[in-house]
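Please keep the sequence and the model in view while reading.

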Amino acid sequence: MRRIWLIFAQSVTVAVAVVFVLGTFKPGWLQQAPRMTWPQATPTAPASGVPVQVADDPLPTQPLSVAARKAAPAVVSVTASKTSKTSPANPHAEDPWFRYFFGQRGEQDTEDPQPQIGLGSGVIVSSEGYLLTNNHVIDGADEIQVQLSDGRTAKARLVGTDPESDIAVLKVDLDRLPVVTLGRIDQVVVGDAVLAIGNPFNVGQTVTSGIVSALGRSGLGLSTFENFIQTDAAINPGNSGGALIDVNGNLIGINTAIYSRSGGSMGIGFAIPIDLAQQVMNGLVRDGQVTRGWIGVQPRDLDPEFAQNFKIPVSEGVLITGVLQDGPASKAGMKPGDVVVRIAGQPIRNTAQLLNVVAALKPQTDAVVGVLRGQQAMDLKVHIAQRPRQQVQ
């Protein structure tokens, strides 16, 4: 047995010595040869019928150039001009000594002030000649001209404006008008490719591309009712009122504003969704105004710190800071300090949502408003009134 143990020990010692020598002088001999493997197959659902999430069949797509050719003819350039009547062009025009030395030039500066020109874009949405654009493009204009992509020009008639959504509707009397197809905002998702078409800086019709960066943007202070589509497609001054279209050439928004520190595009643009724009247009064409619900309150977003200090058992809702005397909410018993959490069965999380939900209610109808007053939850029956038309300053 002892002899066998000695043979085993000597064999191990020799083997270790051989490995050491090979590792020192021929290390490549000890490296593992590469191993061939088959590509891993994509796992599939087991045959037992376990439910799995499967992507919907993709919608038919087309090149962006096809979408641009489909929608671009319906996008027009809008020129709004107005004559300044507030003050003469030259501050010394009324001075008699100035008139003595400069004569007619002073009189001309006073009597014939130069018109102010505003440039923007618009979209033809009806074969009857109706166009959508922004209210701020034509606000205060004495005359509005539109130019089509085929070179035709026409004087536009102002059908109506809605400053609270920054939408204006124009009408032109021309035949053979190109018309854009309206898209569906409920089919738009973040990441969708989009095109912005307009007349930036008056250089001529321009198409830029990007994606939908966000939906439902509000609290920007651009208008009363905000539910913007955010996009990184380049939008510049002059694009206001132009078209935001999807990959199929359908209109999904009216380009309205940009976030910029320099005046140029920084990749953050905002468009009014087409469903809101269409609703406003229908009201202006049919009734000459947009009919919206109103309850007469001053709302603000619920501050979590406020909710904690007053031991309000919710973290989302709208704090009522003021109630108009003899208004619908006041008559229903609403008080300052109440927190609105629900209107007509819809949860309310912020001020923008409250405004949009109330505006969608039909005037002269009743709606149940759920509020919290301290720890007490209650339902108030509010008789909806018609929102007063915003006064033009």
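The second largest pocket has a volume of about 260 Å³. A pocket is an open set of points on a 1 Å grid over the protein atoms alone, where a 1.4 Å probe fits, with protein on both sides within 12 Å along at least five of seven lines; lining residues have an atom within 4 Å of a point. The volume is the space filled by probe spheres set on the points, which are joined across faces, edges and corners. This is a predicted model, in which local features need pLDDT of at least 70 and side-chain atom pairs count only at pLDDT 80 or more, while totals for chains, interfaces and linings use all residues. Residues are numbered from 1 along each chain as its sequence is written, and side-chain values use heavy atoms, without hydrogens and water.

Of the 13 lining residues, Leu276, Gln279, Asn356, Ala359 and Ala360 lie nearest the pocket centre. Helix H6 (274-287) and helix H9 (351-360) each give two or more residues to this lining, and H9 gives the most, with four. Helices are DSSP runs of H or I with at least four residues, numbered from the N terminus. Because domain 1 (185-287) and domain 2 (293-386) both contribute to the lining, the pocket lies between them; the domain bounds come from an automatic or database assignment.

The largest nonpolar core has 45 residues, and Val78, Leu132, Val146 and Leu251 have the most contacts inside it. H6 supplies the largest share of this core, six residues. Such a core joins buried (under 20% relative accessible area, 1.4 Å probe, protein chains only) Ala, Val, Leu, Ile, Met, Phe, Trp, Tyr and Cys residues through side-chain atoms within 4.5 Å. A second, separate core of 20 residues includes Ile343, Leu361, Ala367 and Met378.

Technical notes
Buried < 20%, exposed > 50% of the residue type's maximum accessible area, 1.4 Å probe, protein only.
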